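Let's take a walk through a protein together. Have a look at the sequence and the 3D view, and then we'll visit a few spots one by one.

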Amino acid sequence: MQYFGLVLAFSWLAFVQGKVPPPSPDGKYTIEAPGIKASFIPYSAAITNLFVPDHNGTLRDLVLGYDTADEYATDKIHPNYGAIPGRYANRIANATYELDGVRYYTQRNNAPNSTMHSGTNGWSYRVWNVTDVCHDSITFTLRDEPFSSEGMPGLVLGRVTYSVKPNTWIISIEAEATTHRTPLMLTNHAYWQLDAFANPYNDTVLNHTFSMPFSKRQLAYDSVAEVNGTILHIPQHSINDFWSSPKHVGANASAKGWIGNCGPGFGGYDCAVTIDHDHLNPKNPQPYSQPVATLRSDWSGIQWDMYSNQAGFAFTSCGFFPKDILPVKKTQGGPGSANDGFVPTYGCLAVEPQDWTSGIDYPEWGREPYQIYGPENGVYRNEVVYKFSAS
Ligand SMILES: *[C@@H]1O[C@H](CO)[C@@H](O)[C@H](O)[C@H]1NC(C)=O
Ligand SMILES: *[C@@H]1O[C@H](CO)[C@@H](O)[C@H](O)[C@H]1NC(C)=O
Ligand SMILES: *[C@@H]1O[C@H](CO)[C@@H](O)[C@H](O)[C@H]1NC(C)=O
Ligand SMILES: *[C@@H]1O[C@H](CO)[C@@H](O)[C@H](O)[C@H]1NC(C)=O
Ligand SMILES: *[C@@H]1O[C@H](CO)[C@@H](O)[C@H](O)[C@H]1NC(C)=O
Ligand SMILES: *[C@@H]1O[C@H](CO)[C@@H](O)[C@H](O)[C@H]1NC(C)=O
Ligand SMILES: *[C@@H]1O[C@H](CO)[C@@H](O)[C@H](O)[C@H]1NC(C)=O
Ligand SMILES: *[C@@H]1O[C@H](CO)[C@@H](O)[C@H](O)[C@H]1NC(C)=O
């Protein structure tokens with residue numbers, strides 16, 4: 001009796017305080033709208049599942065991840081599945097940068113010398129707070145104390161709201177640097193497989209059709225895949241040309257230069273490109289009205305069109321993914337499925353809308369207004385919209 005009284009008292013307290021409901025037993029929170037159902041976890045504020053119908057009406061789970069929330073925190077490979085990396089996504093060359101005359105040293109967690117996603121206590125390694133959840137939306141918040149990631153000064157308050165509308169997924173990432181000027185660059189790191197590993201003929205994304213109509217320039221890399229400061233025009237018909245017309249991700253797999261294209265020792269894409277169009281304003285909270293990237297698979301018939309307010313992408317075709325180590329989720333067939341049950345090399349495509357990567361290493365690019373925030377520099381906003389269709 002006493003025990004039940006206590007439980008009731010606590011439930012009532014939780015109710016009046018507006019506490020969020022608990023997740024399902026697998027640790028996931030699920031939201032839905034017509035034609036879409038998505039699940040999320042507090043660890044790294046990640047999307048774990050995203051179901052949309054294929055051209056036959058069969059629901060397909062399009063993002064890579066794990067069956068349960070627990071596996072995200074224990075996985076040693078840590079691919080940042082579906083996560084929000086931060087507070088400064090992607091690389092910082094030589095693990096150091098200068099800001100307002102002070103040199104900062106960040107964690108060297110990416111061989112040989114650089115920082116990746118702000119190190120191993122970055123935002124994609126943290127358990128976020130769930131501050132709001134309803135049937136079609138969830139909000140996570142993060143209090144990032146000064147120097148809780150090496151070399152990152154000042155308090156930052158981060159917030160991501162994921163919501164769904166009919167056939168649409170909306171990602172709204174905001175952050176405020178309340179005490180100090182600091183680098184800020186965030187993104188969502190969903191890895192896509194539009195056949196959900198169910199295509200019996202092929203479990204890679206090499207036959208997915210991809211386009212980025214406004215991405216005519218790339219940030220050149222040096223021999224260790226660091227951005228070297230040079231911005232190159234992407235010639236028509238070259239391996240990295242997804243602007244002149246859509247093509248298969250693997251269309252140029254036999255071309256000279258495919259291996260090592262954007263990183264030593266592996267093939268395909270792990271590149272950074274700009275999004276160039278006249279109407280883009282990274283400070284504008286509204287995404288640009290035309291898709292900046294489109295991905296489609298003829299087998300499932302599923303297509304997404306992505307809208308963004310950012311000035312660039314990092315994107316990867318998972319050519320560096322170790323073979324037969326990362327299991328596919330049960331919702332994507334799991335072990336013993338038509339394919340071998342593991343994510344293959346080239347098994348996914350991640351497209352990370354963000355400002356120009358490594359911009360804090362190259363002040364001459366003039367990206368400071370979009371990558372450095374402080375009490376006087378407004379709110380950082382990264383808005384992404386995915387619209388799904390099937391035919
Ligand atoms: C990083 O260090 C290497 C080797 O010392 C140097 O060549 C390169 O210019 C440095 N990168 C930046 C952005 O300072
Ligand atoms: C890495 O840093 C070391 C010194 O800390 C330097 O000798 C080496 O050249 C750097 N390597 C690259 C690829 O920048
Ligand atoms: C979650 O909220 C609590 C209470 O406000 C706070 O102490 C904690 O730092 C927050 N955790 C994160 C990851 O922001
Ligand atoms: C998948 O398709 C690509 C491109 O046609 C091909 O290179 C690859 O060998 C195929 N993989 C399998 C397992 O059939
Ligand atoms: C993949 O696309 C290539 C052309 O790029 C085609 O030759 C091949 O048959 C396709 N493979 C599958 C499994 O659809
Ligand atoms: C950067 O690398 C590209 C080739 O990937 C090269 O054309 C360019 O000259 C390099 N820039 C610098 C500053 O080394
Ligand atoms: C890449 O593939 C496209 C589409 O098939 C083709 O037009 C282009 O010539 C290829 N480029 C190279 C470098 O192979
Ligand atoms: C759709 O249905 C047709 C007919 O049953 C089947 O051949 C095809 O494989 C299905 N496609 C998918 C993506 O399930």
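Where is the place of C318? You'll find C318 in the loop between strand 22 (312–316) and strand 23 (349–354). Keep in mind as you look that this is a predicted model. Is C318 buried or exposed? With a relative accessible area of 0%, C318 is buried, since buried means under 20%.

Now move on past strand 23. In the loop between strand 23 and helix 3 (368–371) sits S358. S358 isn't a glycine either, yet its phi is positive, at about 65°. Its relative accessibility is 1%, so S358 counts as buried too.

To get your bearings, look for R87 in the loop between helix 2 (69–74) and strand 5 (91–92). Another cis bond runs from A111 to P112, and there omega is near -5°. P112 also belongs to a loop, the one between strand 7 (102–105) and strand 8 (115–116).

Time to go inside. The largest nonpolar core has 67 residues. Which residues have the most contacts inside it? They are L50, W169, W192, F210, W304 and F388. Strand 12 (residues 168–177) gives this core its largest share, five residues. Setting aside neighbours within four places in sequence, F388 is in contact with I36, L50, V52, L62, N167, W169, W192, Q303 and W304.

Our last stop is the ligand. Which residues are around ligand 1? They are A93, N94 and Y362. Zoom in on N94, where a polar side-chain atom lies 2.4 Å from an oxygen atom of ligand 1. How much of ligand 1 does the protein bury? Taken alone, ligand 1 exposes 360 Å², and the protein buries 32% of that.

Key:
Residues numbered from 1 in each chain as written. Chains lettered and ligands numbered in written order. Predicted model: local features only at pLDDT ≥ 70, side-chain atom pairs only at ≥ 80, totals over all residues. Heavy atoms only, no water. Near = heavy atom within 4 Å. Polar contact = N/O pair within 3.5 Å; in protein donor to acceptor, adjacent residues only side chain to side chain. Areas by Shrake-Rupley, 256 points an atom, 1.4 Å probe, with all protein chains shown as cover. Core = buried A, V, L, I, M, F, W, Y, C linked by side-chain atoms within 4.5 Å. Buried < 20%, exposed > 50% of the residue type's maximum accessible area, 1.4 Å probe, protein only. Helix = DSSP H or I, 4+ residues; strand = E, 2+ residues; numbered from the N terminus. Contact = heavy atoms within 4.5 Å.
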